[in-house]
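This report describes the fold, the cores and the charged contacts of one protein, and then turns to a few individual residues. Please keep the sequence and the structure at hand while reading.

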Amino acid sequence: MGELKITNGLVVSMTYRLYENDANGKFIEEAPKEDPFLFFVGAGGVLPKFEAALLGKKEGDKFQLALQANDAYGQVVEDYRNVKVDKNAFGFADKEEEEAMLQIGHILSVADQDGDVYDGLITSIGKKDVTMDLNHDLAGKNLFFDGEIIEVREPTKEEEDFDGEGVEIMPSK
């Protein structure tokens with residue numbers, strides 16, 4: 001077992017199972033040992049309260065963490081549910097790409113007038129615009145993580161040079 005404890009600047013590899021509300025709640029996703037979740041501590045790639053709860057833990061430590069919606073992805077914002085976005089805002093190369101990408105249920109990134117980027121779920125498609133829900137899919141949900149720290153290590157040179165942000169690799173669902 002490694003002796004490094006989780007602190008800013010290190011890379012953490014972990015497994016977890018994520019549920020809604022508590023360990024008996026609805027299963028949401030997991031990061032198994034075969035495909036662990038990695039993140040660079042202090043880079044802002046994970047929920048702040050999640051990261052804070054892991055500080056000081058080391059390889060082999062198990063953890064359970066409950067986060068209220070406000071400490072996770074926030075509450076559902078009704079004004080974000082039905083946002084109209086002009087189809088031209090996506091900058092598709094051609095009509096073929098537009099038709100492939102603009103489908104109900106697809107999640108696309110869109111920037112606001114300040115340049116902030118949001119991921120939105122397409123809920124309807126009109127002639128000139130699409131309607132998107134810009135709420136995170138876990139907004140309004142209390143979360144419960146049950147996991148284990150697999151590795152705590154110094155970042156590689158490539159990870160340190162990655163836009164100054166480190167690593168953030170999300171597992172597939």
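Helices (H or I, at least four residues) and strands (E, at least two) are taken here as DSSP runs and numbered from the N terminus. This is a predicted model, in which local features need pLDDT of at least 70 and side-chain atom pairs count only at pLDDT 80 or more, while totals for chains, interfaces and linings use all residues. Residues are numbered from 1 along each chain as its sequence is written, and side-chain values use heavy atoms, with hydrogens and water left out.

## Overall fold

The protein has three helices and ten strands, and their order along the sequence is β-β-β-α-β-β-α-β-β-β-β-α-β. The C-alpha trace spans about 60 × 40 × 30 Å along its principal axes. With contact meaning heavy atoms within 4.5 Å, residues 24 or more positions apart account for 65% of the contacts that have a separation of 6 or more.

Accessible areas come from the Shrake-Rupley method with a 1.4 Å probe, and for residues only the protein chains shown count as cover. On this basis the protein exposes about 10500 Å², of which carbon and sulfur atoms supply 47%. A residue is called buried under 20% relative accessible area, exposed over 50%, and partly exposed in between (1.4 Å probe, protein chains only); of the 173 residues, 35% count as buried.

## Nonpolar cores

In soluble globular proteins, nonpolar side chains tend to be buried together. A nonpolar core is defined here as a set of buried Ala, Val, Leu, Ile, Met, Phe, Trp, Tyr and Cys residues joined through side-chain atoms within 4.5 Å. The largest such core holds 24 residues, and M14, F39, F50 and F145 are the members that touch the most others. Two or more residues each are given to this core by β1 (11–20), β2 (27–31), β3 (37–40), α1 (48–54), β4 (62–67) and β9 (143–153). A second, separate core has ten residues, among them F90, L102, V130 and L134.

Which residues does F50 touch, not counting those up to four places away in sequence? They are M14, F39, F63, L65, L67 and F145.

## Charges and salt bridges

Lys and Arg count as positive and Asp and Glu as negative, without His and the chain ends, and each charge is placed at NZ of Lys, CZ of Arg, CG of Asp or CD of Glu. There are 18 positive and 37 negative side chains, and the centres of the two sets lie 5 Å apart. If a salt bridge is a side-chain nitrogen of Lys or Arg within 4 Å of a carboxyl oxygen of Asp or Glu, the count comes to eight. Three of these pairs are listed below.

| Acidic residue | Basic residue | N to O distance |
| D71 | K49 | 3.8 Å |
| E148 | K62 | 3.2 Å |
| E78 | R81 | 3.2 Å |

In the salt bridge between D71 and K49, D71 lies in the loop between β4 and β5 (83–86) and K49 in helix α1, so the pair ties together parts that are 22 residues apart in sequence. D71 is partly exposed at 30% relative accessibility, and K49 is also partly exposed, at 47%.

The salt bridge of E148 with K62 links distant parts of the chain, since E148 is in strand β9 and K62 in strand β4, 86 residues apart. K62 is exposed, with a relative accessible area of 60%.

## Individual residues

Is E98 buried or exposed? E98, found in helix α2 (residues 95–101), is buried, with a relative accessible area of 14%. Apart from neighbours within four places in sequence, E98 is in contact with K87 and F92.

K33 is placed in the loop between β2 and β3 and counts as exposed at 57% relative accessibility. Not counting residues up to four places away in sequence, K33 touches T15, E148 and I150. K33 and V77 are 44 residues apart in sequence and 35 Å apart in space, C-alpha to C-alpha.

N21 lies in the loop between β1 and β2 and is partly exposed at 44% relative accessibility. The phi of N21 is near 75°, a positive value in a residue other than glycine.
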